Amino acid sequence: MSIEQNLEKIKQTLPKKVTLVAVSKTKPISDLQEAYGAGQRIFGENKIQEMTQKWEVMPKDIQWHMIGHVQRNKVKYMAEFVSLVHGVDSFRLLKEIDKQAKKRNRVIDCLLQIHIAEENTKFGLDENEVNEISTSVEFHELKNIKVIGLMGMSTFTNDQEQIRREFKQLKSIYDSLKENLNSLSVLSMGMSGDYQMAIEEGSTMVRIGSSIFGARNSH
Ligand SMILES: *Cc1c(COP(=O)(O)O)cnc(C)c1O
């Protein structure tokens, strides 16, 4: 099936309130152009340099989402154009995004990444760390970032019940954080293999790569 057909098929299964991020990491510009031609306007990349190269050549009405781990020293390269940073996993990173956004007179939307997977290799904050950040005075002083939600990745496993538990855990952290931070409206969870379950558990934004563009050779 073509990229256009894949997109069409996925969109048919998504409730209206769920936003589709087309994860185009490692894929050539021609693939992004095909998705763009089919109406897709939100793309997700996990490397700042690759995202910047694609931003330079693609139409300017695209929203670019950084879904990967962000190194603080690279924030400056995307600060001009990135529309949502999914993987914010420390207060120091949030401060750097704020600083770079301020230089460009922007407010950059961010998601705090929560560690829900049992594997200890994945990045992210735990519930205590999120509460610590969101209740700190310094956090509320940052005027050039806006935390609009949370992001999480489930464990890479075939155990469906484990994945569901992890999604439920993320949703419950989201709900309790929202009581104190009413700027929250986005819960980014679900990828090609698990997005339907993620939606059942309350996801409002799914990040789908291989089901749209086909399998990747790396990452
Ligand atoms: C690669 C990636 C995805 C998309 O994965 P697929 O299984 O190809 O849909 C989603 N989220 C993050 C953070 C990723 O790195």
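The legends below describe close-up views of a predicted model.

**View 1. The residues around the ligand.**
The shell around the ligand consists of Val-23, Lys-25, Ile-67, Met-151, Met-153, Met-191, Ser-192, Arg-207, Ile-208, Gly-209, Ser-210 and Arg-216. By class, the residues of this shell divide into six nonpolar, three polar and three charged.

Arg-207 places a polar side-chain atom 2.8 Å from a nitrogen atom of the ligand. Arg-216 also contributes a polar side-chain atom, which lies 2.7 Å from an oxygen atom of the ligand. For Ser-210 the atom concerned is a backbone N or O, at 2.8 Å from an oxygen atom of the ligand. The ligand taken alone exposes 390 Å², and 90% of that is buried by the protein.

**View 2. The largest nonpolar core.**
The largest nonpolar core has 62 residues. Val-85 and Leu-94 are the residues with the most contacts inside this core. Helix H8, residues 160–178, gives the most to the core, with six residues. A second, separate core has eight residues, among them Val-21, Leu-84, Ile-148 and Met-205. In soluble globular proteins, nonpolar side chains tend to be buried together.

**View 3. Helix H3 and its cover.**
Helix H3 spans residues 48–57, and its buried residues are Ile-48, Glu-50, Met-51, Thr-52, Lys-54 and Trp-55. The elements that cover these buried residues include helix H2 (29–37) and helix H4 (75–78). Strand E2 (42–45) and strand E3 (63–66) are also included in the cover.

Ser-154 is found in the loop that runs between strand E6 (145–152) and H8. Ser-154 counts as buried because its relative accessibility is 10%, and the cut-off for buried is under 20%. The side chains of Ser-154 and Asp-194 are joined by a polar contact of 2.9 Å.

Gly-190 sits in the loop between strand E7 (186–188) and helix H9 (195–200). With a relative accessibility of 2%, Gly-190 counts as buried. From Gly-190 to Glu-201 the sequence separation is 11 residues, and the C-alpha atoms are 9.8 Å apart.

Ser-2 lies in the segment before helix H1 (3–13), and Asn-6 is in helix H1. Ser-2 is partly exposed, at a relative accessible area of 27%, whereas Asn-6 is buried at 13%. Ser-2 and Ile-212 are 210 residues apart in sequence, with 8.4 Å between their C-alpha atoms. Asn-6 touches Ile-212 as well as Met-1 and Ser-211, not counting residues up to four places away in sequence.

Thr-26 has a phi near 70 degrees, a positive value in a residue other than glycine. Thr-26 belongs to the loop between strand E1 (19–23) and H2. Its relative accessibility of 30% makes Thr-26 partly exposed. Asn-105, likewise not a glycine, has a positive phi near 60 degrees. The loop that holds Asn-105 runs between helix H5 (91–103) and strand E5 (108–114). Asn-105 is exposed, with a relative accessible area of 72%.

Glu-161 is a residue of helix H8. At a relative accessible area of 48%, Glu-161 is partly exposed, because exposed requires over 50%. Glu-161 and Lys-60 are separated by 101 residues in sequence and by 41 Å in space, C-alpha to C-alpha.

Key: Residues are numbered from 1 along each chain as its sequence is written. This is a predicted model: local features need pLDDT of at least 70, side-chain atom pairs count only at pLDDT 80 or more; totals for chains, interfaces and linings use all residues. Side-chain values use heavy atoms; hydrogens and water are left out. A nonpolar core is a set of buried Ala, Val, Leu, Ile, Met, Phe, Trp, Tyr and Cys residues joined through side-chain atoms within 4.5 Å. Buried means under 20% relative accessible area, exposed over 50%, partly exposed in between (1.4 Å probe, protein chains only). Helices (H or I, at least four residues) and strands (E, at least two) are DSSP runs, numbered from the N terminus. A polar contact is a pair of N or O atoms within 3.5 Å; within protein, one must be able to donate a hydrogen and the other to accept it, and residues adjacent in sequence count only if both atoms are side-chain atoms. Contact means heavy atoms within 4.5 Å. A residue is near a molecule or strand if one of its heavy atoms lies within 4 Å of it. Accessible areas come from the Shrake-Rupley method with a 1.4 Å probe; for residues, only the protein chains shown count as cover. Ala, Val, Leu, Ile, Met, Phe, Trp, Tyr, Cys and Pro count as nonpolar, Asp, Glu, Lys and Arg as charged, and the others, Gly among them, as polar.
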